[in-house]
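Here's a quick briefing to read with the model open beside you.

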Amino acid sequence: MPTADLVITGAHVRTLDPERPYATAVAVRDGLIAAVGEAADVRDWRGPGTEVVDLGGGRLVPGLVDSHSHPVWGLDMATGIDLTAVRDLDGLRAALTAGQRTDGWVIGYGLDHNVFGGRPVDRALVEDVLEGAPAFLRLYDGHSALVSGAALKAADITGPRAFAQRSHIAVDADGRLTGHLVEHAAMALVEPVMPRPSYTERRVRLAELLGGMAATGLTGAHVMDLGDLDLVGAVAEESVLPLRLRFAPWCMPGADADDLAELLALQGRGGRHWQVGGVKFFMDGTVEGGTAWLDHPDCHGQGTDAFWPDPAAYSSAVRELHRAGVRTATHAIGDAAVRHVLDTVASLGPGGRLAHRVEHIESVPDDLVARFAEVGVIASMQPPHTGFTRADLSDEWSVRLGEERAVRAWRLRDLRDAGAVVALGSDWPIAHHDARGVLATARAPRGAAASRAGLTGIQALEGCTTHAALAAGEGAVGGRIAVGFRADLTALGLDPVEAPADEVAAAPVLLTVTGGHVVHRGL
């Protein structure tokens, strides 16, 4: 009989396998689950080279997966001064005054729209404390930035420009550049002239980040961008990646046949614990930035345009990729954006079921909730985002939408109850990557969503395991602890299903195993 590489005993195993829901021991060989059962069932799998880990009563579940993350691109996004704790304009000015400069630039990230107290995002509010330095301050949503006059000059931005996607360079009533760059194309004008970490620094940071993610129990992440595949490949060659990374490169407005051919050629590229699989689209932007595609305008009269100026071109691209067997994920926050994606997938016929997904889904009416299950579209949602809103609906997100739409915030439970597959994630670096926090806020949403019922404990766990696997088209190999499935395992000091949500958020992580490799030990 062959011997196992790893045997885990003394565990309360929640397998999520309907054939055998519970066990106390697991054996792993060649990166796969070789045996699941009681101590006697794995005894003969032990050999002289087998590592045996006794969890001492710890809770073992399928490896947790972040269904929406940016661990490689995020290295550039989360650079400079951490502004996530800033709550008002005085705090922002103080942080910029005291913050360290990078090659003469003031670079920051995680800036909350609520800091401006309802005022327009404008460089005039901070220009004096910058003392003439170029500055690039990324708003927390990752879809806009505030830049200084010196940064505008360095990038040779002298006025508004036309873009192929919905993006703009903001000006005030007098035509003055406010420094607010909205959406990717506008921000991309400044990024080439900004300081950039060296390859070595990025390589070290990536390894540290992935290790930190594994320390929260994560064994995988669906990466919603192309990242830097050469960098990932280099890290994967010198060590075992602590997380499985599945990349979905972007397809942006204006994509032609050659662009789609390039996306198709990327599919399947990969190495140990990483692979390109899928394509990411944007159907809109963000509520706070005024770029979410809504059925009706927001309180500023914005939000009535799609990210793709020609939404039919988006649908055509999805159909072509679908014919080639490529899964797609579409960023859609507003009700009009979500509706267009659902209509597009419905046009694919039965073959489109569970092959395509929508990211975010922040506010939708009842009829769209029901359609997710009807059409078979996967809902990919990020519970920690609810923390950017307020229960009294005084935050920028809620005010822009108005009460009627704000109370429909993050309908996690409604989607599950309607029969939809709901995969959960963090959207790091927009929110923290801690898998325990994702589980906790899925059960106890915050802010504008606090009045809604959260997921049950088992639903939340499924969102990071079985439903995450379905979202990646990997339901036959991942998301469960069953013989033949990937040996991706997370051991916690308490039961993530039965323990209160606040305790889950701080649960000890005893062990993280990815592909049969122990990548974190907390025992």
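Which side chain does E131 meet in a salt bridge? It's R101, with N to O at 3.9 Å. Before going on, note that this is a predicted model: local features need pLDDT of at least 70, side-chain atom pairs count only at pLDDT 80 or more, and totals for chains, interfaces and linings use all residues. Residues are numbered from 1 along each chain as its sequence is written, and side-chain values use heavy atoms, with hydrogens and water left out.

**Salt bridges**

- The structure holds 33 salt bridges, each being a side-chain nitrogen of Lys or Arg within 4 Å of a carboxyl oxygen of Asp or Glu.
- As background, side chains of opposite charge can pair when their charged atoms come close.
- E131 and R101 meet through their side chains in one of these salt bridges. E131 sits in the loop between α4 (127-130) and β11 (135-139), and R101 in the loop between α3 (89-98) and β10 (106-111), so the pair ties together parts that are 30 residues apart in sequence.
- Helices here are DSSP runs of H or I with at least four residues, strands are E runs of at least two, and both are numbered from the N terminus.
- E131 is exposed at 67% relative accessibility, while R101 is partly exposed at 35%. The cut-offs are under 20% relative accessible area for buried, over 50% for exposed and partly exposed in between, using a 1.4 Å probe and protein chains only.
- R371 and D343 form another salt bridge, their closest N and O atoms being 2.6 Å apart. R371 is in helix α12 (residues 366-375) and D343 in helix α11 (residues 335-346), so this pair ties together parts 28 residues apart in sequence. D343 is partly exposed, at 38%.
- R416 pairs with E462 in a salt bridge, with 2.9 Å between the closest N and O atoms. That links distant parts of the chain, since R416 is in helix α15 (residues 412-417) and E462 in helix α17 (residues 457-463), 46 residues apart.
- Both partners are tucked away by the cut-off: R416 is buried at 15%, and E462 is buried at 18%.
- There's also a salt-bridge network that links D76, R196, R202 and D228.

- F388 lies in the loop between β22 (378-381) and α13 (396-401), and is buried with a relative accessible area of 18%.
- Setting aside neighbours within four places in sequence, F388 is in contact with N114, Y140, D395 and I430; contact means heavy atoms within 4.5 Å.
- The largest pocket has a volume of about 670 Å³. Of its 31 lining residues, the closest to the centre are F388, I430, A431, H432 and R446.
- A pocket is an open set of points on a 1 Å grid over the protein atoms alone, where a 1.4 Å probe fits, with protein on both sides within 12 Å along at least five of seven lines; lining residues have an atom within 4 Å of a point. Grid points are joined across faces, edges and corners, and the volume is the space filled by probe spheres set on the points.
- α16 gives the largest share of the lining, four residues.

**Cysteines**

- A search of the whole structure finds zero disulfides, meaning pairs of cysteine sulfur atoms within 2.5 Å.
- C251 is buried at 1%, and C464 is buried at 2%.

**Helix α9**

- After α9 comes G268, whose phi is positive, near 90 degrees.
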